[in-house]
Amino acid sequence: MDSHKLFSATSPIKLFFIAAIPGAVSMLASALYQMVDGVFVGRFLGTTAFAALNLAMPFVIINFALADLIGVGSSVPISVKLGQKREKEANNIFTCACLMIVIAGIIVGALLYAAAPLLMRLMGADGEFAGFAVAYLRVYAICSPVTTIVFAMDNFLRISGMIRTSMFLNIFMSVLSAVLEYLFLGVFGFGIWGAALATCSGMIVCALIALVPFLRGKAILKFCRPRFSAAMIRQIIACGSPNFLNNIAGRITSILLNFILVRLGGETAVSVYGILMYVDGFIQPLLYGMCDSLQPAVGYNWGAGKLSRVRAIEKCCFAASAVISLLSVVVIRLFPGPITRMFMGDAGEELFVMSVAALGLFAFTYITRWFSFATQSYMLAIEKPLPACIISVCTALVFPVILIGVFWPLGLTGIWLNFAGTALLAAITALIVLLKFRRELMQPDH
C-alpha cells in the first residue's frame with residue numbers, strides 16, 4: 001500500500017492493525033530467536049558458555065548501538081519530510097544514513113575485536129569463561145560492517161509502506177538463524193563462536209534481500225547522490241539519541257550488574273540474570289515492534305499538521321502496550337519454573353531456586369514499564385528528542401544505578417528488585433513529560 005495513503009487516510013484503529021501488528025510479529029520472531037539462541041547455547045554447550053554469552057551480550061548490543069542511532073535517527077526526519085511532500089530531502093537523508101551505518105560498522109567492529117580480551121578481563125572473567133566470551137564477541141565484530149544495517153533497513157521498508165515485507169523478512173531471518181545455529185552447534189559441533197556466526201549469517205542474507213527494492217527503485221525511498229550537511233547529521237543524531245543512549249546506558253548498566261553478580265554469586269548469578277534478560281528480550285521487542293511500527297505514521301501526520309490523528313494513533317499504542325505488559329506479569333508469575341527449565345534443562349538446585357525467586361520479583365517490572373516505553377516512542381516520533389532522551393537515560397542507567405545503592409543491603413534480592421523499581425520511577429518521569437507537553441500535544445489540526 002502507498003505510504004502516503006496509508007499514513008494519512010487509513011483510520012487509526014485499522015492503521016494499528018496494518019502497521020503495529022506486523023511490527024509486533026516481526027519483533028516476536030526476533031525475540032523467539034534470541035530465546036532459542038540462549039536455549040541452544042545452554043543445552044548444547046553448557047552453563048559456562050551460557051554465562052559467557054550473557055557476559056559478552058552487552059558489548060554485542062553496543063556494536064549495534066551506533067547503527068541503531070543512525071537508522072532510527074534518520075527514520076524520524078524521513079517520515080516528517082515525506083509528510084511535508086519533500087521527497088528529495090527524504091531520499092538524501094536515506095542515502096546518507098546507509099553510508100554512515102556501513103562506516104560506523106567498520107570502525108566499531110574493529111575496536112571491539114581488538115579490545116575483546118581486555119574487556120572480559122576487566123569484567124572479572126578468566127580461563128574458559130573469558131575465552132568463550134571473547135570468541136562470541138569477535139565474530140560479531142568481524143561481521144559488523146555488513147550486519148549492522150539490517151535493522152535500519154527494517155525501518156526504511158516500513159516507511160516505504162512495505163510493512164508485510166518487513167515482517168516476513170524478520171521472520172525469515174529468525175528462522176534462518178535458528179536453523180543455522182542448530183546445524184552449527186548440534187550437528188557440526190562448533191563452539192560458541194558458531195552461535196554468533198549463525199546469527200550474523202542470517203542478518204547478512206536478510207540485509208542483502210532488504211536492499212533489493214531500494215536498489216531496483218521500487219520503493220518510495222530511493223538512493224541518490226549523497227549530500228551531507230552538518231545540519232542533517234545533527235538532526236539524525238538528535239532524533240536517534242534516545243535509542244542510542246538507551247542502548248549504551250542499558251549496556252553500561254548490564255556490565256555493572258554483571259560485574260557485581262560475578263562477585264556476589266559467580267556464574268550462577270550471571271546465568272540467572274541472563275534468564276531475566278531473555279524474558280525481557282521476549283516482551284520488550286513486542287512493545288518496541290508496536291511503537292516503532294507506528295512511528296512513521298505518527299511522524300508523517302505530525303509533519304502534515306494532523307494532530308488529531310497523531311493522538312488517535314498514540315491512544316492505540318498506549319492501550320496495546322498496557323495489555324501486553326500486564327499479561328506478561330501474569331505469565332511470569334505463574335510459570336517461573338518452566339521458564340527456568342526452558343533455558344537450563346540441567347539446572348542444579350541452587351540455580352533453579354535462585355531463578356524462580358528472581359523471576360517472581362522481576363515480573364512486577366511490567367506493571368508500569370509500558371507507560372514510559374510508549375511515552376518515549378511518542379516523543380521521538382514527533383521530533384522531541386530531549387524528553388525522550390531523559391526518559392531513556394533515566395530508565396537505562398540513572399535509576400538502576402541509584403537503586404543498586406538503595407537495595408545494596410538486600411544482596412542479590414536487591415538486584416532482582418532493581419528492575420521493578422526502575423520501571424516505577426520511569427513511569428513517573430514519563431507522566432511528568434506528558435503533562436509538560438500537554439498543551440502542545442492537544443492543539444487542533446493545522
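Predicted model: local features only at pLDDT ≥ 70, side-chain atom pairs only at ≥ 80, totals over all residues.

Residues are numbered from 1 along each chain as its sequence is written, and side-chain values use heavy atoms, with hydrogens and water left out.

Helix H5 spans residues 127-147 and helix H8 spans residues 192-215; helices are DSSP runs of H or I with at least four residues, numbered from the N terminus. The two pack at an angle of about 15°, their axes 8 Å apart. Axes are lines fitted to C-alpha atoms over the stretch in contact, and angles run from 0 to 180 degrees between N-to-C directions. H5 is therefore roughly parallel to H8, a label for angles under 35 degrees.

A search of the whole structure finds four cavities of 30 Å³ or more. On a 1 Å grid over the protein atoms alone, a cavity is a set of points where a 1.4 Å probe fits but cannot get out, and lining residues have an atom within 4 Å of a point. Grid points are joined across faces, edges and corners, and a volume is the space filled by probe spheres set on the points. The second largest cavity holds about 100 Å³ of space. Its lining includes Val72, Asn155, Arg158, Asp292 and Ala381. Helices H3 (47-83), H6 (150-159) and H9 (230-303) each give two or more residues to this lining.

Notes
Parallel < 35°, antiparallel > 145°, perpendicular 65-115°, else oblique. 1 Å grid on protein atoms, 1.4 Å probe; cavity = no way out; pocket = protein on both sides within 12 Å on 5 of 7 lines; lining within 4 Å.
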